[in-house]
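Please look through the report below on the structure shown here. Keep the sequence at hand as you read.

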Amino acid sequence: MPAYICKTCGVQHAGSEQPPAHCIICEDERQYTGWGGQQWTTLAQMREAGHQNRFQQAATGLTGIDTRPRFAIGQRALLVQTPRGNFLWDCISYIDEETVRQVRDLGGLHGISISHPHFYGVMVEWSHAFGNAPIYIPEADREWVVRPDPAFQWYSGAKEVLPGLTLVQCGGHFEGSAVLHWAEGPDGEGALLTGDTIAVAQDRRFVTFMRSYPNYIPLAEEAVRGIVEAVRPHRFRRIYGGWWGNDVTEDALGAIERSAERYVRWISAK
Ligand SMILES: [Zn+2]
Ligand SMILES: [Zn+2]
């Protein structure tokens, strides 16, 4: 039974004879149904269409992986390499034998987590390809997991998943929106991997926080302040966002704090 992938959000659903009637992720107010209506594909169809994954180093010990031609939302996944195992932060909608070979060459994969449901991609396929690697998802976002699997491990708050790698649930974009704190990387100065939880702005001295990016729905002051408080205890110099070059390269906590103050000033302005 094929497991269909939504062509707009790129999230794979549980196996079914016929394509599902709905994609609950796209029907939610934070996303949208594609302008041509709800459409589905499968990994086999994507392979036939010529999709491939591209690997590119983002920093020492950090490899970005995205799909070419671009598919659905088009985010990158980030493979964090540590002496005690590799971890995949965020996922994409494609995997093939060449991808598995390249990840094995980089040291394999020992766990997966995703910033929020828009970036779930084909996370269960990635887990299965690497010995059913655990997939850590906040309990608060369980309702958005549309392909159940024994690999899921539910957490709340913060969770260290490998030595020096800690998931931090921040809320905001989704109740379970999270970031990954990488204490030692790169060059020992610490980094946050943030997806849409803390989105790097085009002016990369700033970030932003939204309920919906495509539909331009802001967050309330309390949610913005909650995100800042969740990350403040952690030491980090850089942010690696969801797209190539979408990075804050210095004083990342300062960027988050200044951005939050500016944001609250504008949503509170009369
Ligand atoms: Zn969808
Ligand atoms: Zn999102």
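## Terms and model

Two strands pair if DSSP finds at least two bridges between them. Helices (H or I, at least four residues) and strands (E, at least two) are DSSP runs, numbered from the N terminus.

This is a predicted model, where local features need pLDDT of at least 70, side-chain atom pairs count only at pLDDT 80 or more, and totals for chains, interfaces and linings use all residues. Residues are numbered from 1 along each chain as its sequence is written, while chains are lettered from A and ligands numbered from 1 in the order in which they are written.

## The six-strand sheet

One open sheet has 6 strands, in the order β10-β11-β12-β13-β18-β19. Its pairing is mixed. The edge strands, β10 (158-162) and β19 (247-248), each pair on one side only.

Inside this sheet, β12 (residues 178-182) and β13 (residues 191-193) run antiparallel, joined by 3 bridges. W182 has A191 in β13 as its bridge partner.

## The seven-strand sheet

Another open sheet has 7 strands, ordered β3-β4-β5-β6-β7-β8-β9, again with mixed pairing. β3 (52-59) and β9 (152-155) each have a single partner strand, so one side of each lacks a neighbour in the sheet.

β3 pairs with β4 (residues 62-68) in the antiparallel sense, over 7 bridges. Here Q56 stands opposite G64.

## Helix α5

In α5 (residues 221-231), V224, I227, A230 and V231 are buried. Buried means 20 or more other C-beta atoms within 10 Å of a residue's own; exposed means 12 or fewer; C-beta atoms are placed from the backbone. The buried residues fall within an arc of 125° seen down the axis, so they line one face of α5. That arc is taken from the directions from the helix axis to the C-beta atoms.

The face turned away from the buried side carries the exposed E222 and E229.
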